[in-house]
Amino acid sequence: MVFKYHNSNITNSMRLEQKILIKFTQSRKTLAIAESCTGGLIGDHLTNIPGASAFFLLGIIAYDNAAKTKILGVPSALFKKHGAVSAEVASVMAQGARKILKTDYGLSVTGIAGPGGGSKSKPVGLVYIALSTRTKTIVKKCLLKGSRLTIKKQAAQTALKMLAK
C-alpha cells in the first residue's frame with residue numbers, strides 16, 4: 001500500500017509519527033530499527049500509525065550484548081573498549097539494522113534506563129541514539145532524567161524527532 005501526501009499536509013498539530021510516515025513515504029525511503037533500552041517503544045509508536053509498513057521494514061530488540069553481536073554485527077571488542085552504552089556501539093547497531101534488509105535508514109538506541117546500572121562515567125539516563133544512511137552515521141548523546149519509564153519514553157521521543165528531521 002502506497003500513501004501519497006503533500007508537504008502542505010504536514011501541520012504542527014499532527015503527531016510526530018504521522019509526520020515521519022509522510023516524509024518517508026513521500027521520499028520512498030525505508031527504515032530498520034535496533035532498540036536496546038527502549039525495548040521496542042519506537043517500533044510501537046511507528047506501528048500505531050496505519051500505513052507504517054510502507055517504510056518501516058524491521059524492528060529488533062537487541063537487549064543483550066550477544067544479540068547485538070550476532071544479529072547486528074557489533075564486534076565484541078567494542079563492548080570491551082567502549083561499553084554497550086556508547087556512541088561506537090550505537091553507530092554499529094544502526095548500521096547493522098540498516099544492512100539486514102538494505103534499508104535507506106537504520107536507527108538505534110542504547111542506554112541506561114535505571115534505576116540501577118549507572119556509574120559516575122555512565123549515569124542512569126545516558127542514552128545514545130544513532131541514525132545511519134549508506135554514506136554516514138550521526139550519533140546523539142542524551143542525558144535524560146526521571147524514572148525508568150520516563151527515560152525510555154524520552155529516548156523514544158528523541159529518536160522519533162531525529163527521524164522527523
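Predicted model: local features only at pLDDT ≥ 70, side-chain atom pairs only at ≥ 80, totals over all residues.

Me: Let's start with Thr25. Which helix is Thr25 found in?

Reply: Thr25 sits in helix H1, which covers residues 16-27.

Me: And is Thr25 buried or exposed?

Reply: Buried. Its relative accessibility is 10%, and because the cut-off for buried is under 20%, Thr25 counts as buried.

Me: What does the side chain of Thr25 reach?

Reply: The backbone oxygen of Leu21, at 2.7 Å. Leu21 is itself among the buried residues of H1.

Me: Why would those two end up facing each other?

Reply: An α-helix has 3.6 residues a turn, so residues three or four places apart point the same way.

Me: How far apart are the end C-alpha atoms of H1, and what span should its 12 residues have?

Reply: The ends are 17 Å apart, and at 1.5 Å a residue the helix should span 16 Å, so the two values agree.

Me: Which other residues of H1 are buried?

Reply: Besides Thr25, the buried ones are Leu16, Glu17, Lys19, Ile20, Leu21, Ile22 and Phe24.

Me: E1 then. Which strand is E1 joined to, and do they run parallel or antiparallel?

Reply: E1 is joined to E2, residues 56-61, by five bridges, and the two run parallel. Within that pairing, Glu35 stands opposite Ile61 of E2.

Me: What do E1, H2 and E2 make together?

Reply: A β-α-β unit, and a right-handed one.

Me: Switching topic: how many salt bridges does the structure hold?

Reply: Two. One of them brings together the side chains of Glu17 and Arg15, with 3.6 Å from N to O.

Me: Glu17 was on your buried list. How do the relative accessibilities of that pair come out?

Reply: Glu17 is at 5%, so it counts as buried. Arg15 is at 42%, so it counts as partly exposed.

Me: And which residue does Arg134 form a salt bridge with?

Reply: Asp104, where the closest N and O atoms are 3.3 Å apart. Arg134 lies in the loop between strands E4 (126-132) and E5 (137-143), while Asp104 is in the loop between helix H5 (87-101) and E3, so the pair ties together parts that are 30 residues apart in sequence.

Me: What about phi for Arg28?

Reply: Arg28 has a positive phi near 55 degrees, and the residue is not a glycine. Its place is just after H1, in the loop between H1 and E1. With a relative accessible area of 62%, Arg28 is exposed.

Me: And what phi does Lys102 have?

Reply: About 55 degrees, positive, in a residue that again is not a glycine. Lys102 lies in the loop between H5 and E3, and it counts as exposed at 68% relative accessibility.

Methods:
Residues numbered from 1 in each chain as written. Heavy atoms only, no water. Helix = DSSP H or I, 4+ residues; strand = E, 2+ residues; numbered from the N terminus. Buried < 20%, exposed > 50% of the residue type's maximum accessible area, 1.4 Å probe, protein only. Polar contact = N/O pair within 3.5 Å; in protein donor to acceptor, adjacent residues only side chain to side chain. Expected span 1.5 Å × (residues − 1). Pairing = 2+ DSSP bridges. Right-handed = clockwise from strand over helix to strand, strands pointing away. Salt bridge = Lys/Arg side-chain N within 4 Å of Asp/Glu carboxyl O.
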